[in-house]
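Keep the structure open as you read.

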Amino acid sequence: GPLWIPSEDPSAAAVPQGQSSPAVRPRRLSFSTVGKSDVWVPTHLFKAVVAEDQSQKLPQVVGAFLLPNCPIMERKSLQHYETSLETIERWAGISLFPALRGEQQRTVTLCQRTDCDTKDHGLQIFWRHYARMKLAESLPELEQLWEQAGRQGWQEGANLRRLYDQRQTELTPRPLSPPASPAAAA
C-alpha cells in the first residue's frame with residue numbers, strides 16, 4: 001500500500017525537547033504529483049502479510065515491510081526493510097489485522113521464520129540493470145549499460161530493447177529548427 005512519510009528537514013534547526021531529551025529536527029513532508037489532476041505520489045510503499053498455521057501448532061507468521069518509493073540500486077537484505085506491523089498501522093492510520101491484537105505471544109516475524117536475505121539471482125541482476133538504464137542521465141552512460149547488457153545476453157529481450165530505444169530518443173539532443181522566415185509567416 002501507499003504511504004506518505006515525512007523526513008527530517010536538514011535546513012531547519014533542531015528543536016530542544018527538554019533537559020533529558022535530545023533535540024529533535026523538524027520533519028517535512030514533500031512528494032511529487034503526476035498527471036493533470038496532480039495525483040500524489042507516495043513517498044513509501046508497504047506490504048503486510050499474515051500466514052496462519054491451520055493446525056494451530058505453530059505461531060502465526062507476520063511480515064511487515066516498508067520501502068522507499070524509488071529505485072533501490074544497492075543490494076540490501078529484505079530484512080533491512082522489515083518493520084513492525086504497528087509502525088505501518090501508525091503511518092497508514094488503519095488497523096490491518098485486528099484479529100492479531102493480543103496474539104503477539106503466538107506471532108513470529110517472517111524474517112525470523114524464513115531467510116529474508118535477497119539472493120543476487122539472474123532475474124534480480126537483470127531488473128537492477130534495467131533500472132540503471134531507465135535512470136541513465138547521458139547517452140554515453142546509456143551506451144555503456146547497453147554494452148553490458150549485450151555481454152550478459154540480455155539485448156535480445158523486447159522489454160530491454162524497447163527501453164533502450166526510448167531512452168536513446170529521450171537523451172539524443174534535438175537539432176534546433178531554423179526560425180520561420182517573415183515571408184512564410186505572411
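The largest nonpolar core here has 13 residues, and those with the most contacts inside it are Met 133, Leu 142, Trp 146 and Leu 160. A nonpolar core is a set of buried Ala, Val, Leu, Ile, Met, Phe, Trp, Tyr and Cys residues joined through side-chain atoms within 4.5 Å. Buried means under 20% relative accessible area, exposed over 50%, and partly exposed in between, with a 1.4 Å probe and protein chains only. H3, H4 and H5 are the elements that give two or more residues to this core. Helices (H or I, at least four residues) and strands (E, at least two) are DSSP runs, numbered from the N terminus. There's also a second, separate core of ten residues, which includes Phe 46, Val 62, Leu 66 and Leu 100.

Before going on, note that this is a predicted model: local features need pLDDT of at least 70, side-chain atom pairs count only at pLDDT 80 or more, and totals for chains, interfaces and linings use all residues. Residues are numbered from 1 along each chain as its sequence is written, and side-chain values use heavy atoms, leaving out hydrogens and water.

Now pick out Leu 160. Leaving aside residues up to four places away in sequence, Leu 160 touches Phe 126, Tyr 130, Met 133, Trp 146, Ala 149 and Trp 154; contact here means heavy atoms within 4.5 Å. Leu 160 is one of the buried residues of H5, along with Leu 163, Tyr 164, Arg 167 and Leu 171. Seen down the axis of H5, these buried residues fall within an arc of 100°, so they line one face of the helix. That arc is taken from the directions from the helix axis to the C-beta atoms.

What about the aromatic rings? The count comes to five aromatic pairs. Rings of Phe, Tyr and Trp (its six-membered ring) pair if their centres lie within 6.5 Å; planes under 30 degrees apart count as stacked, over 60 as edge-to-face and the rest as tilted. Trp 4 and Trp 40 have ring centres 6.3 Å apart and planes at 70°, so they're edge-to-face. Trp 4 is partly exposed at 29% relative accessible area, while Trp 40 is exposed at 53%.

Phe 126 and Trp 154 form another edge-to-face pair, 5.4 Å centre to centre with 85° between the planes. Phe 126 lies in helix H3 (residues 122–134) and Trp 154 in the loop between helix H4 (139–152) and H5, so the pair ties together parts 28 residues apart in sequence.
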